[in-house]
Amino acid sequence: MALLTPLFAFLYHLPQVYKWLLRPYYIASLFMSVAFLLVRKTPGICERLSTQREDGNSCDFDWREVEILMFLSAIVMMKNRRAITVEQHVGNIILFSKVANVILFFRLDVRMGLLYLTLCIVFLMTCKPPLYMGPEYIKYFSDKTIDDELERDGRVAWLVEFFANWSPECQSFASVYADLSLKYNCAGLKFGKVDIGRYGEVSKKYKVSTSPLSKQLPSVVLFQGGKEVMRRPQVDKKGRAVSWSFTEENIIREFNLNELYQKSKKLNKNKEEKTEKASESQFPPVPEEEEPEPETKAETESKKDK
């Protein structure tokens, strides 16, 4: 059952995965993930490789290579247990496949290992995973606008995500946060984002570290009246984030989004009523003309006699 659940989840999201794999970033990542497999199995190349197999077949994996690949599979399965989106599942597979390829190529030939490691570094520096471009109802802040927006109206609650484009966790959470904004955004509850990888002063002011070791990216903070009410993940005394899963269910439960949304709808309704009253006082209704009463039969006959 533990193996069938991820399989069914993968098959369910297969059309979406197929679209991602057609993007240049994922095509190149997939090619680099299976590079050692291609080298070891391609006729004309594999015959020239060294091997530790007893039968001397250099076009098949030896026992040590099989051991490394099995260890890779175990790590990916353990890592994907905490993955919340398909992007994270695919990203974990690609990442650890590259690590395994580095080890396998260095074990096969130091020159091939250095070449593959160089390609990985160049790819990491030049190619970035595609950003989420789907529908959302989110306001993006800069270092000059965030304070003014949070303090503009004390009745409005803001749920703000502090993120960085280079963080894989932030990229995976983007679609989840966008879905939440589409479901819960209203007049009294709004969603915002600020790139603290770009605005360093904002990260210092709101105490969100951009260091990968702190594991504070992404950080979601609830503001009411311009003041922080709650944040996830929480930060301990050493400045490290307490482990927390950024699923849609956890965000809704921890920040009481359902309750906030109901209160915000009332605020929206009150604003509409005030607007209607103001418009009525500014433009009083035009009095209707009284229609003449219908004449009786006797009155009609008397007019005819005259």
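Predicted model: local features only at pLDDT ≥ 70, side-chain atom pairs only at ≥ 80, totals over all residues.
View 1. Helices (H or I, at least four residues) and strands (E, at least two) are DSSP runs, numbered from the N terminus. The unreviewed UniProt entry annotates residues 20-39 and 114-134 as "transmembrane region"; such annotations may be inferred rather than shown by experiment, and their positions are given in the numbering used here, with feature names shortened. Residues are numbered from 1 along each chain as its sequence is written. Local features need pLDDT of at least 70, side-chain atom pairs count only at pLDDT 80 or more, totals for chains, interfaces and linings use all residues, and side-chain values use heavy atoms, with hydrogens and water left out.

View 2. Leu 117 belongs to helix α7 (residues 110-126) and is partly exposed at 33% relative accessibility (buried is under 20%, exposed over 50%, partly exposed in between; 1.4 Å probe, protein chains only).

View 3. A salt bridge is a side-chain nitrogen of Lys or Arg within 4 Å of a carboxyl oxygen of Asp or Glu; the count comes to 17. Arg 40 and Glu 65 pair at 2.5 Å, N to O. Arg 40 is in helix α4 (residues 35-41) and Glu 65 in helix α5 (residues 63-80), so the bridge ties together parts 25 residues apart in sequence. Both residues are buried. Arg 107 pairs with Asp 62 at 3.3 Å between the closest N and O atoms. Because Arg 107 lies in helix α6 (residues 86-108) and Asp 62 in the loop between α4 and α5, this pair ties together parts 45 residues apart in sequence. Arg 107 is partly exposed at 30%, whereas Asp 62 is buried at 2%.

**View 4. Glu 161 and Lys 193 across two strands.** The side chains form a salt bridge of 3.5 Å, N to O. Glu 161 lies in strand β2 (residues 157-163) and Lys 193 in strand β3 (residues 189-195), so parts 32 residues apart in sequence are tied together. Relative accessible area is 0% for Glu 161 and 5% for Lys 193.
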